[in-house]
Amino acid sequence: MAEPLSVLVTGAAGQIAYSLLYSIAKGDVFGPNQLLNLVLLDIPQMMTVLEGVVMELQDCSLPLVKNIVATADAKEAFTNIDVAILVGAMPRREGMERADLLKANAKIFEVQGKALDQYAKKTVKVLVVGNPANTNCLICQRNAPSIPKENFTCMTRLDQNRAQAQIASRVGVACNEVQKVIIWGNHSSTQFPDAAHATVNSSGATKTVQETVKDDDWLNGEFIKTVQQRGASIIKARKLSSAMSAAKAICDHMRDWWFGTKEGTWVSMGVLSDGSHYGIPENIIYSMPVTIAPDHSWTIVPGLSISDFAREKMDATAKELVSERDTALTFCN
């Protein structure tokens, strides 16, 4: 058994965490031989609910869980952690303008960034899930200057999983037979699900998605729209936002970040743009295709061809992220 990892989950009394914590605790993310210290953070009003979550985790009788801490105190939560999964965020409420949402979350993630900077290990890996995830991640990273910028990512794996599932269903294969779908940009309705470089493995042969689907109108129209609006469709149907699928995507993202990507493929993650890849403006957290080494370091996939159609979509979501960044930063100290 390796030395215990301290894994923090914020918003730990919420519905995403409820679906997430069991998978982490039983070894689906960091491996079957990795002991864990689970640190669960939520607001004071949710501590009674969180106590119930802790009791359930204890009752699961999971051998990898060495210790569980439930707290509303940032110092206690962030001290000496190895991994931070920041799920908790202010949700958008009816009648709330996007600027109001950005303001509320800028304050939350400014505080959490400072807590990471002050208390966490400098090697901590930070995954931001709470929306607006890209901009929340940027605010968090900017407020933790002593931690390497590449240690901050935001989740667009749910969008990637949604895109793979749509293509798999369309052509009649298992989801894992679809590879190299890319999510460009923001985790919002401007994101660009890009199948131009994706492949399908069917009957032992690997072909491009375009060759397999044989319907460019669908790939450039309904497919993109379905993925972009999937979250809203789920809210309309469930009257609640995605939880089970979001938790699964968190596990996928962190497992690949921890152990590395498979040879010959890549995954989508929101990472800090330095302005040198694909014409994306610098200093925004933008989802791009990355490969990940076993030492947790990620590299943006270079040299992919970008069509005029893709360029327009990629620029539109970048423009939204620049606007979000500039608005959110006005609310930070």
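Helix α1 (residues 15–25) and helix α11 (residues 244–259) have axes that come within 8 Å and cross at roughly 40 degrees. Angles under 35 degrees count as roughly parallel, and 65 to 115 as roughly perpendicular. On the α1 side, the contact is made by Ile16, Ser19, Leu20 and Ser23. On the α11 side, Met244, Ala246, Ala247, Ile250 and Cys251 take part. All this is read from a predicted model.

The axes of α4 (residues 98–119) and α12 (residues 308–329) come within 9 Å. They cross at roughly 60 degrees, and that makes α4 oblique to α12. This crossing, too, is right-handed. Arg98, Ala99, Leu102 and Ala106 of α4 make the contact with Glu324, Thr327 and Ala328 of α12.

| Helix pair | Axes come within | Crossing angle |
|---|---|---|
| α1 and α11 | 8 Å | roughly 40 degrees |
| α4 and α12 | 9 Å | roughly 60 degrees |

Now to the strands. Strand β5 covers residues 125–128. Which way do its side chains point? Lys125 and Leu127 point one way, while Val126 and Val128 point the other way. In a regular strand the side chains alternate between the two faces of the sheet. Are these β5 residues buried or exposed? All are buried, Lys125 included.

Strand β5 has a partner in β4 (residues 83–86). Four bridges join β4 to β5, and the two run parallel. In one of these pairings, Ala84 has Val126 of β5 as its bridge partner. Strand β5 is also joined to β6 (residues 152–154), by three bridges. These strands run parallel as well. Here Val128 has Cys154 of β6 as its bridge partner.

Another sheet is pieced together elsewhere. Three strands form an open sheet in the order β7-β10-β11. The pairing is antiparallel. Strands of a sheet pair through backbone hydrogen bonds, either parallel or antiparallel. Which strands lie at the edges? They are β7 (178–179) and β11 (205–208), and each pairs on one side only. Strand β10 (residues 199–202) is joined to β11 by four bridges. One of the pairings sets Thr199 against Thr208, its bridge partner in β11.

Definitions and conventions:
Residues numbered from 1 in each chain as written. Predicted model: local features only at pLDDT ≥ 70, side-chain atom pairs only at ≥ 80, totals over all residues. Heavy atoms only, no water. Buried < 20%, exposed > 50% of the residue type's maximum accessible area, 1.4 Å probe, protein only. Pairing = 2+ DSSP bridges. Axes fitted to C-alpha atoms, helices over the stretch in contact; angles between N-to-C directions. Parallel < 35°, antiparallel > 145°, perpendicular 65-115°, else oblique. Left-handed = near helix turned anticlockwise from the far one by under 90°. Contact = heavy atoms within 4.5 Å.
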